[in-house]
Amino acid sequence: MSRPIRTITAATAALLLATACNSASTGGTSSGDGERGGSVRGVTEDSVKVGGIVSMTTASGYSKKDTDLGAKARFDRANAEGGVHGRTIDYLGAEDDGQDPGKNLAAARKLVQREKVFAISPMSSVTFSGADFLQQQKVPTFGWGTVPPFCGPTYMYGFGGCMVPMPGGTITQSWPEGLKKVMGGAKGRSVAILANDNDAGTFAIRTYKQSFAAAGYEVTYAKSTVPATSVPSDWSAYTKEILRSDGGKAPDAVVSVMQTPYNIGLFTAVKRAGFKGVITDPTDYDPGLLAKSATKKALDGVHVLLSFQPFEQDTADMRQFKKDIRKAAGKDVPLNMHMMTGYMSADLFLAIAEKAGKDLTLDSFQKAADGYSDTGTMVGDRRLREGQKESFGCGALVQLRDGKYTVSSPFKCYEPIPFK
């Protein structure tokens, strides 16, 4: 069995232990191979059952609900085209984990033990406490590889690869390299990086501190100190430190690795403090955010990192994506990155299932994943199993200006660096 997935909080570890004991007392499976008496969990002659786990509601108000729509759009098209080797995808929709560790694990257990899904796609939450359970139960799981469980475990697949690798893996350079176009290079440029006080934030700081330094920037500040449970009402303590971090003066760029409600507060505060440099994050690519004037003002000028082709880029794949989303939604809807997360999670699952052939089992699926590769997708060139230890290295930057997004650094693939 693979080593336990790292960085689980003490509370979550206790919860895992308690639920494991409960599983034993209620006859829960432990092997998780899904193959008994010649059957495969979630697979029939004419269908494959898939479910998702998404943070549709959160304490901060941030929602990834459109991840579910993106997955549905991709699965709907696959079914309209005849499914995978004659099997339609029976997509159950996504369970809402409320960005709560206990609910994330409960959702994973429900989908596997009660619903008997073959795979989880998409999984989109910064709280992935169900990861060890899914790995132990041998459940292929697909999502955005921005949390550690997507880096290493054999049944976890990030649609853009592993974004937070262990030592020995690599780090994508799309963010610092893309910013060079915005900032006129890295030489003599300083950056301050801020993240939430949780596992994802800790890994983000560790990763991006190395990433920006390797690209030639001076990292004057890098902390994961913002409470993850609630958005601060007073940002002065953070802005004071950040805006004095470069030898008593402001850095050239403020880099936030947080969700939208936090970014709104932070960016508003640094602007009010007179900051005139570059502001950037990997989150706020969502036209729906522009409905409120205060939000629109806070995010104006921000350069947002994307690990996929911008919606503003006119390619055949992007036109197909927009068509699929429109059809699944039943109307024209503002596009956002959560839709892309669901869509590309589903797309990678479908690609591997297609390669696995008509005789779909866990073994045939995993064998198909070994050495899988393709090129020119909306997330770049996909490579497995490399994608379980490194990212696919591609990205773009878009800037929100005067109520609309424009490409500030085109989608491009960059050479990754070793993670130490």
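Author: The model is a predicted one, and the values below are computed from it. Two packed helices are described by the angle between their axes and the distance between the axes. For helix α2, residues 66-80, and helix α11, residues 337-356, the axes come within 6 Å and cross at roughly 40 degrees. Because angles under 35 degrees count as roughly parallel and those of 65 to 115 as roughly perpendicular, α2 is oblique to α11. The crossing of these two helices, α2 and α11, is right-handed.

On the α2 side, the residues in contact include D66, L69, R74, F75 and R77, and they belong to a set that meets residues of α11, among them H338, M339, Y343, D347 and F349. Sorted by class, the contact of α2 with α11 has ten nonpolar, five polar and four charged residues.

As for the sheet, seven strands form an open one in the order β10-β9-β11-β12-β13-β16-β17, with mixed pairing. Its edge strands, each pairing on one side only, are β10 (218-226) and β17 (404-413), and the twist averages 20 degrees from one strand to the next. Strand β9, residues 190-196, runs parallel to β10 and is joined to β10 by seven bridges, with V191 standing opposite V219 in β10. Helix α6 (residues 199-214) lies across β9, β10, β11 and β13, and runs at about 165 degrees to β9.

Methods
Residues are numbered from 1 along each chain as its sequence is written. This is a predicted model: local features need pLDDT of at least 70, side-chain atom pairs count only at pLDDT 80 or more; totals for chains, interfaces and linings use all residues. Side-chain values use heavy atoms; hydrogens and water are left out. Two strands pair if DSSP finds at least two bridges between them. Helices (H or I, at least four residues) and strands (E, at least two) are DSSP runs, numbered from the N terminus. Axes are lines fitted to C-alpha atoms, for helices over the stretch in contact, and angles run from 0 to 180 degrees between N-to-C directions. Contact means heavy atoms within 4.5 Å. Angles under 35 degrees count as roughly parallel, over 145 as roughly antiparallel, 65 to 115 as roughly perpendicular and the rest as oblique. A crossing is left-handed if the near helix is turned anticlockwise from the far one by less than a right angle, and right-handed if clockwise. Ala, Val, Leu, Ile, Met, Phe, Trp, Tyr, Cys and Pro count as nonpolar, Asp, Glu, Lys and Arg as charged, and the others, Gly among them, as polar.
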